[in-house]
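Visitor: Could you take me through the charged and aromatic side chains here, with the cut-offs behind each term?

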2 protein chains.
Amino acid sequence: MGTQLSAFFQKQELVPAIVQEASTGEVLMLAYMNEASLKRTMETGYTWFYSRSRQRLWQKGEESGNVQRVVSVTGDCDSDALLVKVEQTGPACHTGEPTCFFAAPIYEEELGEHSGDGSTYVRSRT
Amino acid sequence: MGTQLSAFFQKQELVPAIVQEASTGEVLMLAYMNEASLKRTMETGYTWFYSRSRQRLWQKGEESGNVQRVVSVTGDCDSDALLVKVEQTGPACHTGEPTCFFAAPIYEEELGEHSGDGSTYVRSRT
């Protein structure tokens, strides 16, 4: 298992981890893991990440209580990204929104009617 | 719109883009966009990325034909990640697998029965 884990950190110390709600498939957030945070995630069954700004490990929800119980962790074909399926407690975003991708899309394909808010770039289906 | 786009490239030149199949919610791959590739994605309606190894823009499927028609692009709360919902043509992964996250999980929560292949780290639900 040690060999498997270190494979993700050969090219870079930090690997982007996509966090997805297991029950709905909704993408909740993207954060970064180093090897220590990935190990702690697997040991505890809850998500731990590496904060680039604070330069330390942090558990998602350590302050808010909005923790993420891990269902599975899967690497990609190049071993440089992780997909983490979780059961999210409460909202995933520190803003209180359910996911970190709550903003209006910056691009939206037009599907018969405009759904943009004016600032959204809408492109017609050809 | 220009201001909106450049907001994503203040902290870093390359932003991780999570590509998700719009119809199923399946996460297909993670790749990187710089501002030029994001613009080209929005202008063409198909995904373009920046290749760190080849140091150039590339269109997903430019060789294989397995292109990704973009349904929407949404930024996250910190403007440092993108969620790109697409309609994938053919397999998303260069290996021929439907997604780049086809490997056996490196961690899997046990849900009543073992589903690991032996190398998977399985943790019992407490």
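Visitor: How many salt bridges does a search of the whole structure find over all chains?

Guide: This is a predicted model, in which local features need pLDDT of at least 70 and side-chain atom pairs count only at pLDDT 80 or more, while totals for chains, interfaces and linings use all residues. Residues are numbered from 1 along each chain as its sequence is written, chains are lettered from A and ligands numbered from 1 in the order in which they are written, and side-chain values use heavy atoms, with hydrogens and water left out. A salt bridge is taken as a side-chain nitrogen of Lys or Arg within 4 Å of a carboxyl oxygen of Asp or Glu. Over all chains, the search of the whole structure gives a count of 12.

Visitor: Why does the salt bridge of Lys11(A) tie together parts that are apart in sequence, and how many residues apart are they?

Guide: Lys11(A) pairs with Asp80(A), with 3.2 Å between the closest N and O atoms. Lys11(A) belongs to the loop between α1 (2-6) and β1 (15-21) of chain A, and Asp80(A) to the loop between β5 (68-75) and β6 (82-88) of chain A, so the parts tied together are separated in sequence by 69 residues. (Helices, H or I of at least four residues, and strands, E of at least two, are DSSP runs numbered from the N terminus.)

Visitor: Is Asp80(A) buried or exposed, and at what relative accessible area?

Guide: With a 1.4 Å probe and protein chains only, buried means under 20% relative accessible area, exposed over 50%, and partly exposed in between. Lys11(A) is exposed at 59%, whereas Asp80(A) is buried, its relative accessible area being 10%.

Visitor: Which residues do salt bridges that share partners join into one network?

Guide: The side chain of Asp80(A) also meets that of Arg52(B) in a salt bridge, at 3.7 Å from N to O. This pair crosses between chains, Arg52(B) being in the loop between β3 (48-51) and β4 (56-59) of chain B. A further pair, Arg69(B) with Glu109(A), has its closest N and O atoms 2.6 Å apart, and it too crosses between chains, from strand β5 of chain B to strand β7 (residues 107-110) of chain A. The network formed through shared partners consists of Lys11(A), Asp80(A) and Arg52(B).

Visitor: What is the angle between the planes of Phe49(A) and Trp58(A)?

Guide: Rings of Phe, Tyr and Trp (its six-membered ring) pair if their centres lie within 6.5 Å, and planes under 30 degrees apart count as stacked, over 60 as edge-to-face and the rest as tilted; by this rule there are 2 aromatic pairs over all chains. Phe49(A) and Trp58(A) form a tilted pair, with 5.3 Å from centre to centre and a plane angle of 40°.

Visitor: Which side chain of opposite charge is nearest to Asp76(B)?

Guide: Lys and Arg count as positive and Asp and Glu as negative, with His and the chain ends not counted. Asp76(B) lies in the loop between β5 and β6 of chain B, and a polar atom of its side chain is 2.9 Å from the backbone nitrogen of Ser79(B). Setting aside neighbours within four places in sequence, Asp76(B) is in contact (heavy atoms within 4.5 Å) with residues including Cys100(A) and Phe8(B). Asp76(B) is buried yet has no salt bridge, and at 6.9 Å the nearest side chain of opposite charge is Lys11(B).

Definitions and conventions: A polar contact is a pair of N or O atoms within 3.5 Å; within protein, one must be able to donate a hydrogen and the other to accept it, and residues adjacent in sequence count only if both atoms are side-chain atoms.
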